[in-house]
Amino acid sequence: MAASVTTFNIDIPRWDQNTFMGRVKHFFNVTDPRTLLVSEHELDSAKALVETCRAGIVPPGTNQEQLFYAKKLYDSAFHPDSGEKMNLIGRMSFQVPGGMAITGCMLQFYRTVPAVVFWQWVNQSFNAIVNYTNRNAASPISLKQIGVAYFTATSTALATAVGLNLYTKRAPSLVARWVPFAAVAAANCVNIPLMRQQELINGITVTDENDNPLGKSKRAAIKGITQVVVSRVAMAAPGMILLPIIMERLEKYPFMKKIQVLHAPLQTILVGGL
């Protein structure tokens, strides 16, 4: 059966991006963790459907809902600049399950230096994968630069965490619970600019409303990367600042002392909710 010609623009977001709720719905859609369970074959089929739709052709019998779902899968798994399939850990749809698990463990295992070192290392490794996976494809970065960024961020996180962990030994226990957040914030201020340094050095491509390149801008790169750093710290703040207060109070109850093995899963679930 011959393919059908369509005028449907698959690159226009389903919801109005000029409204806050429209943007919320759009990003909830493309960061849906359920897309992680979709098979490689289905992802490749979704990409093929998106590309044919862009060319103005779709398989006969394809409805609009199927096109929207294909675009959801495409946005969740393929790089917006290069079109290459992203590794699973680096996808935005992995941020909630991956981030909540690591953050829950950082908040739970904060008492000993070895535990602090291990979980900060895991967190920075995770961040490095995410930053590399979502890098600007127009600003390539060498393996050496990636290594320097990863080493510097991990060292910053470990130095901050271990230093504050030792410094707060005599401080109230709540202060020690906030150490992981301080380490995460410090590392983000180093990791992201270093991982995307080529954009700061060479600028990023600026386009008009029709996506025609107008040139490169270092100011746009600085603004964009600054927003990423601030948003990463802000996203971590509710869970890593409020949860220690909640757990500090909960752990005083007898029933919580009986279920210490469940403290880490509880914090992970609460982090996910926040």
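Burial labels first: buried means under 20% relative accessible area, exposed means over 50%, and partly exposed sits in between (1.4 Å probe, protein chains only). This is a predicted model, so local features need pLDDT of at least 70 and side-chain atom pairs count only at pLDDT 80 or more, while totals for chains, interfaces and linings use all residues. Residues are numbered from 1 along each chain as its sequence is written, and side-chain values use heavy atoms, with hydrogens and water left out.

Select Lys-71 and Asp-75 in helix α3, four residues apart, about one turn of the helix (helices are DSSP runs of H or I, at least four residues, and strands are runs of E, at least two, numbered from the N terminus). Their side chains form a salt bridge at 2.9 Å, N to O; the term means a side-chain nitrogen of Lys or Arg within 4 Å of a carboxyl oxygen of Asp or Glu. Lys-71 is buried at 12%, whereas Asp-75 is partly exposed at 27%.

Asp-11, Arg-54, Lys-71 and Asp-75 are linked in a network of salt bridges.

Next, jump to β3 (residues 204–207) and β4 (residues 213–217), antiparallel and joined by four bridges; strands pair if DSSP finds at least two bridges between them. Thr-205 has Lys-216 as its bridge partner in β4. In the hairpin, pick Asp-211, with a positive phi near 65°.

Last stop: residues 229–247, 100% helix, with end C-alpha atoms 27 Å apart.
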